[in-house]
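Try each task before you read its solution.

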Amino acid sequence: MNTKTLLQIAEDFGSPVYVYESDKIISQYKRLTAAFNKVKQVKINYAVKALSNISVLKLMHTLGAGLDTVSIQEVKLGLSAGFSADKIIYTPNGVSLEEIEIAAKLGVQINIDNLSILEQFGTKYPKIPVCIRINPHVMAGGNTNISVGHIDSKFGISIHQIPHILRIVENTNMNINGIHMHTGSDILDIDVFLYASEILFETAKHFKNLEFIDFGSGFKVPYKKGDIETNIEEFGEKLTNRFNEFCKEYGKELTLAFEPGKFLVSEAGYFLTKVNVVKQTTSTVFAQVDSGFNHLIRPMLYGSQHEIENISNPKGRERFYSVVGYICETDTFANNRRISEITEGDILAFKNAGAYCFTMASNYNSRYRPAEVLWHNNKAHLIRKRETFDDIMRNQIEIDMSTKEKSNSK
Ligand SMILES: *Cc1c(COP(=O)(O)O)cnc(C)c1O
């Protein structure tokens, strides 16, 4: 998006504000589907937790995407956005059997990631098709160096426990219709991903009634210069060949599924903040913005480096700044970063603010969560109002503190 449009949005909607560009989401979606256009049946299930605004979900719906959900609330959001239940996969971790039963009753695809629930669910509902989440124990070490590890991950059922899975399936006579993996950020490059895929294929051979294989996500997008970006086109070509080969071997045309979050929405997002104070200390120039990790926690939580541009002075002379927030806690967004000269009142735009930014925002310091704006068809649409004091008070219950004497007298 151009800086003039972003500045106008900050002016019209106030700051801080999240802005998402629908064209970027659409082009990323098209890139991904184009990379796999030689597979007969492909399903892209957008990972709701990355950015769960209902207007964004509706945009995904118009593109033809399905949804990947991790809570019953996300399932309900998806249904509210107009997705039919059969377009939603529910991939929770560590939730109760009761929650899974509610999801099953709503008709979404169940994905189970532990043996205990698999046995309980299979015993109670042998007819409801279930996908199994496998942990292939693959992670990247160094560049293309593949190491087998992450034995301690809480996600998925270990491939070493396949004999136990098979026993449960046989005993309960349950119907396994999909195999899934999502190794998240462990997998950085294509070769490692393909290596993990081989493990998934091997696993798939044990199940006769599969309809799909879900390869999860973990696609990388660049945050700063020099960052690794998954080469989707190359990856598409390689996995397509291997997948089609496997389908022949398996004797059935399976659906290839993915569930990207970050890849689809990260680069579409901008977080606009206003500089309240420029503060010079003995060694540092701080630019303090009207936000903090209450609104964007990724830099503090993961050390993520979001690029920051001074859109009020994009062509200015560059100087070194530490960009920090306004909450009473260390909330550093960027350390010693070159940014065009900053004056108090300037608007700073944080890039890659589409995924895991608003959805992780909180009310810490009793601050309001920001507004969200979708730039769609050349127009700014408010898709979430900025919170107000009523939102801070909502659900709080004031008890009567004047009853102390009465209770004492009992
Ligand atoms: C979070 C999540 C995703 C999305 O991961 P990205 O890195 O955002 O693409 C996909 N699948 C599952 C099961 C997830 O929990």
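**Exercise 1.** Leaving aside neighbours within four places in sequence, find which residues glutamate 101 is in contact with. Then decide whether glutamate 101 is buried or exposed.

*Solution.* This is a predicted model.
Step 1: Set aside the neighbours within four places; glutamate 101 is then in contact with Lys124 and Tyr125.
Step 2: Locate the residue. Glutamate 101 sits in helix α5.
Step 3: Check the side chains. Glutamate 101 makes a polar contact of 3.3 Å with the side chain of lysine 124. A second polar contact, of 2.3 Å, links the side chains of glutamate 101 and tyrosine 125.
Step 4: Apply the cut-off. Buried means under 20% relative accessible area. Glutamate 101 has 10% relative accessibility, so this residue counts as buried.

**Exercise 2.** Find which residues of helix α6 are buried, and state where they fall when seen down the axis of α6.

*Solution.* Step 1: Helix α6 covers residues 115-124. Its buried residues are Leu115, Ile117, Leu118, Phe121 and Gly122.
Step 1: Look down the axis of α6. The buried residues fall within an arc of 160 degrees, so they line one face of the helix.
Step 2: Find their packing partners. These buried residues pack against α5, β5, β6, β9 and α7.
Step 3: Look at the N-terminal end. Asparagine 114 caps α6 there, with a side-chain oxygen 3.2 Å from the backbone nitrogen of serine 116.

**Exercise 3.** Work out how many residues apart lysine 40 and glutamate 253 are, and classify each by accessibility.

*Solution.* Step 1: Lysine 40 and glutamate 253 form a salt bridge, and their closest N and O atoms are 3.7 Å apart.
Step 1: Lysine 40 is in the loop between α2 and β2, and glutamate 253 is in the loop between α9 and β12. The two are 213 residues apart, so the pair links distant parts of the chain.
Step 2: Classify them. Lysine 40 is exposed, at 68% relative accessible area. Glutamate 253 is partly exposed, at 36%.

**Exercise 4.** Find what joins lysine 351 and glutamate 309, and say where each of them lies.

*Solution.* Step 1: The side chains of lysine 351 and glutamate 309 meet in a salt bridge of 3.4 Å, N to O.
Step 1: Lysine 351 lies in the loop between β18 and β19, while glutamate 309 lies in strand β15, so the pair ties together parts 42 residues apart in sequence.
Step 2: Glutamate 309 counts as partly exposed, at 25% relative accessibility.

Conventions
Residues are numbered from 1 along each chain as its sequence is written. This is a predicted model: local features need pLDDT of at least 70, side-chain atom pairs count only at pLDDT 80 or more; totals for chains, interfaces and linings use all residues. Side-chain values use heavy atoms; hydrogens and water are left out. Buried means under 20% relative accessible area, exposed over 50%, partly exposed in between (1.4 Å probe, protein chains only). Helices (H or I, at least four residues) and strands (E, at least two) are DSSP runs, numbered from the N terminus. The arc is that of the directions from the helix axis to the C-beta atoms. Contact means heavy atoms within 4.5 Å. A polar contact is a pair of N or O atoms within 3.5 Å; within protein, one must be able to donate a hydrogen and the other to accept it, and residues adjacent in sequence count only if both atoms are side-chain atoms. A salt bridge is a side-chain nitrogen of Lys or Arg within 4 Å of a carboxyl oxygen of Asp or Glu.
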